[in-house]
Structures are given as structure tokens and as C-alpha cells.
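Trainee: Can we go through this one together?
Mentor: Fine, have a look at it and ask away.

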Amino acid sequence: MNNKFHRMSIVAAGAALIGLVAVPAQAETVETRGGIRITSDDGRFKAQLGGRIHLDSNVWVDDDELGDLETGVFFRRGRITLEGEAYGWRYKFENDFAGQGGDNGSGIREMWIGTTLAGVKLRLGQAKPYRGIEELTSSNDLLFMERPFASGSGIYRQYQTGVFADAAGSNYGWGAAVYNLRNGADSDDDTDGVGATVRGYYLPIMDDDVLLHVGGIASLDNPANGTTVGASVRFAGRRGPSQGLGSTTEDQQSFGVELAGRVGSLSLQSEYHFVTLAQPSGDDTDLSASYVQVSWLLNGEVKPYDVGKGAFKSPKPAGGRGAWELKLRYDLIDASGRDPEIDVSQLAAGANWYVNPNVRFMLEYIQGESDLSDGTGVDGSLIAARAQLSF
């Protein structure tokens, strides 16, 4: 079924583009900068085909305590994206052919239709709820190969089906969503519970060289039908050891704050999220996740900032030798109110080379460890690399 779904996805994307190209009167403009963009002569129809390839490799430096972990090369992502507009209504379809979905093997990431009302962008379908600056950063623009624990631990499900609204001004923005806890990769149940989230951000300082971003989020998930929410992290890389932190079939409440800034070629970003997993009996499980990361662009480049999304983007060097970036991150998540209590931490350092607007190479050294109050725990370290092409 998985292969059949992938073939159908490719056929659908190709048919949409061919349909536009096949009618000359409706396809006067074709652009090929980066991706393929087609616009009808009356401007009512637009289509853009894009994609990304993220090819990763892991080499374990120290895994004596962890057993046999996989050292090798694998595709982290392999996506095709089709998006555009028809009579003022926007749409997007994105499938990850390297993704590991649910029982049906689906790799659906985003699939929605949308429009704009009174300056507010509305979307119906599957997308990311608004839960933090790093969560909303595109995987093509992430500073590190993996998101921090505050975003990548499962306390926030990345893609949900629901109603999404957002808007932005010259130095502020907000987003809100109501969704169910089932997405295109989950079961066929009518509902697995509902959730809601809201995010806001403001930039008190914003000019070409200096920028300051502050923001916050609040979220509530109310699972049903035995659905479980909670957190489990992989530390020391995507295929490193896994550590469960807590789960519940009851309510999950989350609050978070964001702080980010840029001074010339130096940028800094940090978040703190506090999560309460309600338990049917006994004490609730409390999770706190935080990180701080810093980057320095050596060529004098300035990291772009997307006001509409409230997140940083990658530099886009036009030529020459590209742009080089040094980076450092410290990551921490802990679980209390349970036995044993758990702390998981991670330190990562590395460099990025932006060859041109479409190609990037990444190299990182990662040291991670879990520490349990019963005296157990493990640690490990690895060297990870990525070759990335996006368009």
C-alpha cells in the first residue's frame, strides 16, 4: 500500500503541472529559479513544484554503553511539494517518501486548502500547529540536523488535521489552531481527541543588523479513544538511544517562551517549555525542556528572518565559495513527578557550508546522555553529516 500511495502522489503532482502546461493560454509565465513555477496569463492559477533531499550519515565515536547502534548512511527526508493558488484559494500537498508514517505507511506532511479573510490567513487540512520558533522553522533551514528536545521529543505532535489561522504585521505575528490528534499517518478512527494551541511573537528591535524576537505559546491536548500523548527522546543523533519521559491518556497542558536575537553575523536562539501530563491517579508528570543555540556566519552574511513565520531562515549565497557557519547548542529535558526522575542532556557543535541557495552540507559532533534518579543511565557520542538539496 505504501508503494501504491507514493506512485499515486507522484502521478497527482505531475498531472497538476501538466494540466497547466498543456493549455498555452493559461500558462504564459514559467519560472525555473530554484523550483518550477507556472502562472496563468490571467494570474488566477499558480503552481509550484519543489522538493528536498536530506542524505545523512552517522559514525559512532563512543557507544560502549549503548550496544550495537547503526553506523551508516540513510535518507532523513525525501519530499516532493506541490503548492499554488486557484481563484484566490491556496493549496499545498507535501509527501515525504523517506518518512516513516503510521500503520498505513503514509508520508503525508502538509495537505490543506486556504484563503485570506480580513488579513488573516486561514487553512483547512493538515499542517503544523503553532508551537515555538524551532518547531515552525523549515527542516531546510534548521541550524542543526535535528530539532532540540523542546520540539523533537514528541511533546508536540508535528502535523495535525484541523483549522489554522495566522497573521503578521511589520514586527509581530500570531497563530492559532484547533485540531484533532489524528493525522494522515494515523489510524482510521473518527477522532483520537482534540487540541488547541496559540502562539504570539513581537520584535521590539528590528533592523538590518540588530534584531530581537520574544514570543510565547500555550497548548492543550485532550486525547480520546485510548490515544496516548507524552514524550520520548532520541539523544546523540536521530538513530541514537531512546529514552521515554512520560505519557498519559489524560490532558496535556503546555506553555513555552521564546527568545531569539541577531547582531550582525552572530545569532542566538533559546526556548523553554513546561508540560504537565495529567495522570488518572497519583502525581502528575511534569516535563521541562529548554535549549540555547548560537551561530556565527564567517563570511559576514546575516541570517534572514521571516516575519510572517516568526523564525530564522538559512542564508542564500549567490555565488563564490558560499557561506560558512559555526554552531553550538546545549539541550536539556527532564521529567519529575515520576519514579525514577529523568534528565536527558545533549551538547552539539559543528559547521554548515551553504554552497548556493539550494545546496548545503552539515557536519556535527554530538554528545548525549540520560541520567535517572535510580542511578542508571547511558551516554554516547557520534559524528553526523548531511548532504542537502532543496528547491
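Predicted model: local features only at pLDDT ≥ 70, side-chain atom pairs only at ≥ 80, totals over all residues.

Mentor: Residues are numbered from 1 along each chain as its sequence is written, and side-chain values use heavy atoms, with hydrogens and water left out.

Trainee: Where is Phe391 found?
Mentor: In the segment after strand S22 (379–390). Strands are DSSP runs of E, at least two residues, and helices are runs of H or I, at least four, numbered from the N terminus.

Trainee: Which residues make the nonpolar surface patch?
Mentor: Ile53, Leu55, Val73, Phe75, Ile80, Leu389 and Phe391, over about 600 Å². Patch residues have over 30% relative accessible area and no salt bridge, with nonpolar side chains (Val, Leu, Ile, Met, Phe, Trp, Tyr) joined within 5 Å and like charges within 9 Å. A salt bridge is a side-chain nitrogen of Lys or Arg within 4 Å of a carboxyl oxygen of Asp or Glu.

Trainee: What supplies the largest share of it?
Mentor: S4, with 3 residues. Strands S3 (45–62) and S4 (72–86) each supply at least two.

Trainee: Switching to aromatics. How many pairs in the whole structure?
Mentor: The search finds 5. Rings of Phe, Tyr and Trp (its six-membered ring) pair if their centres lie within 6.5 Å; planes under 30 degrees apart count as stacked, over 60 as edge-to-face, and the rest as tilted. One of the pairs is Trp324 with Trp353, stacked at 5.3 Å centre to centre and 5° between the planes.

Trainee: Which strands hold Trp324 and Trp353?
Mentor: Trp324 lies in S19 (residues 323–336) and Trp353 in S20 (residues 342–354), so the pair ties together parts 29 residues apart in sequence. Ring pairs also link Phe361 with these two into a cluster.

Trainee: Is Trp324 buried or partly exposed?
Mentor: Partly exposed, at 39% relative accessibility. Trp353 is partly exposed as well, at 28%.

Trainee: And the largest nonpolar core, which members touch the most others?
Mentor: Leu245, Leu287, Tyr305, Ile333 and Val344, out of 38 residues. A nonpolar core is a set of buried Ala, Val, Leu, Ile, Met, Phe, Trp, Tyr and Cys residues joined through side-chain atoms within 4.5 Å. A second, separate core of 9 residues includes Ala127, Tyr130, Phe164 and Val229.

Note on methods. Buried < 20%, exposed > 50% of the residue type's maximum accessible area, 1.4 Å probe, protein only. Areas by Shrake-Rupley, 256 points an atom, 1.4 Å probe, with all protein chains shown as cover.
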